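Hi,

Here is the structure I promised to pass on. My notes on the sheet, the rings and a few side chains follow below it.

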Amino acid sequence: MGIFSTPVERARMRDLLSACLKLPPARKTVPGALMEAIVAHVHDARVLDTYDFVDVVDERTKCGWQVKSTKSTTPVTWKRAKLPNAENLIHESRDSESARQELGREILQFCNEHAQRSMEQYGLVEIGYSRLIVDNDTLVYFERPLCSQARPQVFDPMDFFWTWSEPKKTVTKEQLPALHGVHRHTKKRWWAWHGLGENQLHFTGEREWWPSAENGGFRMEMPKNDELISFRDLLPLLDSQL
């Protein structure tokens with residue numbers, strides 16, 4: 001037993017997703033709260049409904065999952081990285097290369113410590129990533145390890161190089177600069193921290209985790225139109241339960 005779902009559990013996830021997506025008004029999206037409930041149900045675990053790093057915890061196996069479900073075109077917000085000393089770090093990073101790298105390291109260390117707190121608080125031995133991608137009419141699900149007691153660090157801050165973006169002007173307003181984190185090995189941008197705004201840390205590098213094959217996950221199609229349940233058909237079923 002661990003963070004990876006068994007074939008039976010994955011089949012149960014597919015069945016539950018298919019059933020939920022046949023109901024109105026669920027059509028072209030799967031809310032994160034719904035996916036958390038499904039993951040918890042198939043693992044006989046519980047949804048925390050908190051702002052902890054993990055969303056679902058299984059006390060029996062001492063495993064936890066961070067669960068995310070978005071459309072393929074939606075940026076993934078890893079967390080709101082509100083650093084206690086952000087104002088000073090941002091000010092110093094404007095004119096200092098070393099200060100920019102220090103700010104980037106602080107951001108990722110903030111994320112690592114958040115995961116470690118969840119591991120300690122819930123007595124976990126391992127935390128995994130449970131991810132559903134909604135790509136038009138296709139759902140792709142995969143799982144991967146994030147950290148464990150043996151390997152508590154989710155991200156190595158030394159793997160990234162940080163730089164401030166240029167401000168962007170739109171028709172209505174000027175967008176504030178973001179601190180971008182570039183993966184040193186791939187030269188691709190993985191992070192965008194909006195520390196001058198609402199502190200969202202967008203994780204564009206998450207796409208590097210998307211499976212090129214099944215990798216223990218699954219791929220399924222959205223229910224067809226003729227499989228959908230209308231409100232007219234649903235209401236009598238609900239009324240019978242009252």
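One definition before the strands: two strands pair if DSSP finds at least two bridges between them. Helices (H or I, at least four residues) and strands (E, at least two) are DSSP runs, numbered from the N terminus. This is a predicted model, where local features need pLDDT of at least 70 and side-chain atom pairs count only at pLDDT 80 or more, while totals for chains, interfaces and linings use all residues. Residues are numbered from 1 along each chain as its sequence is written, and side-chain values use heavy atoms, with hydrogens and water left out.

Sheet first. Tryptophan 191 stands opposite phenylalanine 203 in E12. The strands involved, E11 (residues 189-193) and E12 (residues 200-203), pair in the antiparallel sense over 3 bridges. They belong to an open sheet of 5 strands, ordered E4-E12-E11-E10-E7, with antiparallel pairing. E4 and E7 are the edge strands, each pairing on one side only. From one strand to the next, the twist averages 20° (axes are lines fitted to C-alpha atoms, for helices over the stretch in contact, and angles run from 0 to 180 degrees between N-to-C directions).

Now the rings. Rings of Phe, Tyr and Trp (its six-membered ring) pair if their centres lie within 6.5 Å; planes under 30 degrees apart count as stacked, over 60 as edge-to-face and the rest as tilted. That rule gives 16 aromatic pairs. In one of them, tryptophan 78 and phenylalanine 155 have ring centres 5.6 Å apart and planes at 70°, so this pair is edge-to-face. Tryptophan 78 is in strand E4 (residues 77-80) and phenylalanine 155 in the loop between strand E6 (138-148) and strand E7 (160-164), so the pair ties together parts 77 residues apart in sequence. Both tryptophan 78 and phenylalanine 155 are buried (under 20% relative accessible area; exposed is over 50%, partly exposed in between; 1.4 Å probe, protein chains only). Ring pairs also link a cluster that includes Phe53, Trp78, Phe155, Trp191, Phe203 and Trp209.

Arginine 144 lies over tryptophan 209, at 4.1 Å from the ring centre, and arginine 14 over phenylalanine 218, at 5.5 Å.

Last one: threonine 138 lies in strand E6 and, at 14% relative accessibility, counts as buried.

Cheers

Technical notes. A charge sits over a ring if NZ of Lys or CZ of Arg is within 6 Å of the ring centre and within 35 degrees of the ring normal.
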